[in-house]
Amino acid sequence: MSDNSEFEEIISNQFIEKTDEAITQAGKFNDTILDSMATSPVDDEGNPIPVTIPIAISKDISVIFTTRLGGVSQDDYASLNLGGLGGDNIAHVQRNRASIAHEIQADLSLVKQVHSARVVDVDEIFKNNTEYGFDATGMTDDIQVEADAQVTSKTNCAIGVFAADCLPVLFADLESGIIGVAHCGRKGLLQGVIENTVNAMLEKGSSRENIVAVIGPCICGNCYEVGDEIADEFEKRFPLTKTTTRFGGTGIDIQEAAMIDLSFAGITKIAHSRPRVEAATQYLAQDEELTNLCEMDSEGASLSQRLQDMQDTMCTFENALWYSHRRSSKSKKQHEGRFAAFIMRRG
């Protein structure tokens with residue numbers, strides 16, 4: 001690995017906008033946002049170009065968030081649905097996954113998520129069984145690995161998790177190059193998925209002081225309504241995470257819970273992706289596909305109205321860029337897709 005001492009000094013013990021501003025000034029971020037307005041919506045073979053939000057963590061480690069835009073799925077799944085177990089046309093999901101692998105020039109590694117704290121070492125199980133890499137979700141064959149976190153030392157392998165309100169947390173050891181990703185839903189957080197992911201990285205040779213955690217989009221505490229009983233149980237494990245939601249009921253803040261467990265795990269270097277997500281949201285404010293999705297998905301207001309009312313761009317419920325199970329339920333949609341968060345290291 002290259003010397004990342006400058007980057008480590010910048011982000012150590014810093015937070016959210018301060019971290020991102022400092023890293024940007026250091027020239028460490030790739031500002032490219034793949035946008036259907038700025039580029040052709042299809043490639044030379046007629047395949048839609050996925051709209052993603054890439055964030056460079058170091059010279060060779062990147063995080064990629066997918067959006068709802070630039071895929072082939074239809075109706076309630078439109079259009080870049082990467083989740084294969086929700087009833088979407090499997091051929092569409094496979095094509096969407098292949099487009100991501102092609103765009104980022106890496107093999108994907110995907111497992112079946114079950115809201116657990118189980119972590120798998122991809123180095124021990126990876127094999128190319130699809131055109132887009134390793135698919136152990138059970139969508140198309142007998143290969144099924146149940147887990148909610150992955151770690152690897154492989155290069156050019158994008159380990160990822162699906163989400164539609166749950167929180168993706170991504171990890172990178174800037175010295176060893178070991179990376180990890182965790183799907184942090186309410187149940188997984190309660191079971192210790194973050195601690196388990198960090199420990200799995202340590203077992204592979206990482207050091208706590210070299211690990212940077214990246215916080216992804218999720219449903220915010222102002223929107224995640226769960227009721228008093230669940231919230232009280234959650235708050236016993238994660239103090240001060242009980243909320244009153246915009247709907248008047250009791251909710252929880254899973255991002256705050258993740259920050260608590262990152263602290264307990266000894267991870268002090270936190271990089272939030274909010275500035276990049278805000279930039280992407282602003283850049284896509286007049287995107288034709290996103291506008292059409294908002295008009296046809298029965299989720300309420302138009303894109304312009306949603307942007308005007310939005311309080312938190314990182315909230316999957318509020319930001320139309322993301323799939324959201326809670327948003328789709330409130331709008332009585334029959335189905336909902338999944339976006340994904342990936343982390344990869346170039347070889």
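Tutor: First, helices. A helix here is a DSSP run of at least four residues, and helices are numbered from the N terminus. Residues 193–203 form helix 6, and Thr 197 sits in that helix. Keep in mind that this is a predicted model.

Student: Which residues is Thr 197 in contact with, leaving aside its neighbours within four places in sequence?
Tutor: They are Val 119, Ala 149, Val 151, Phe 171, Val 181 and Ala 182. Take Val 181. In sequence, Val 181 and Thr 197 are 16 residues apart. In space, their C-alpha atoms are 7.4 Å apart. Thr 197 also has a polar side-chain atom 2.7 Å from the backbone oxygen of Val 193.

Student: Where does Arg 274 lie, and is Arg 274 buried or exposed?
Tutor: Arg 274 is in helix 9, which covers residues 274–283. Its relative accessible area is 15%, so Arg 274 is buried. Its side chain makes a polar contact of 2.9 Å with the side chain of Asp 312.

Student: Now salt bridges. How many salt bridges does the count come to?
Tutor: Look for a side-chain nitrogen of Lys or Arg within 4 Å of a carboxyl oxygen of Asp or Glu. By this rule the count is nine. One of them joins the side chains of Lys 242 and Asp 228, at 3.6 Å from N to O. This pair links distant parts of the chain: Lys 242 is in strand 11 and Asp 228 in helix 7, 14 residues apart. Lys 242 is partly exposed, at 32% relative accessible area. Asp 228 is partly exposed too, at 44%.

Student: What about the salt bridge between Asp 261 and Arg 237?
Tutor: Those side chains meet at 2.9 Å, N to O. Asp 261 belongs to helix 8 and Arg 237 to helix 7, 24 residues apart. Asp 261 has 5% relative accessible area, so Asp 261 is buried. Arg 237 is partly exposed at 29%.

Student: Are Lys 333 and Glu 336 buried or exposed?
Tutor: Lys 333 and Glu 336 are both buried. Their side chains form a salt bridge of 3.1 Å, N to O. Salt bridges can also share partners, and in this way Asp 121, Asp 123 and Lys 204 are joined into one network.

Student: Last topic: pockets. How is empty space found?
Tutor: Roll a probe the size of a water molecule over the atoms, and the empty space shows up. In this model the largest pocket has a volume of about 780 Å³. It is lined by 36 residues. The closest to its centre are His 115, Ala 164, Cys 166, His 183 and Arg 338.

Student: Which helix gives the most to the lining of the largest pocket?
Tutor: Helix 12, with four residues. Strand 7 and helix 5 are also among the elements that give two or more residues to the lining.

Note on methods:
Residues numbered from 1 in each chain as written. Predicted model: local features only at pLDDT ≥ 70, side-chain atom pairs only at ≥ 80, totals over all residues. Heavy atoms only, no water. Contact = heavy atoms within 4.5 Å. Polar contact = N/O pair within 3.5 Å; in protein donor to acceptor, adjacent residues only side chain to side chain. Buried < 20%, exposed > 50% of the residue type's maximum accessible area, 1.4 Å probe, protein only. 1 Å grid on protein atoms, 1.4 Å probe; cavity = no way out; pocket = protein on both sides within 12 Å on 5 of 7 lines; lining within 4 Å. Points joined across faces, edges and corners; volume = space filled by probe spheres on them.
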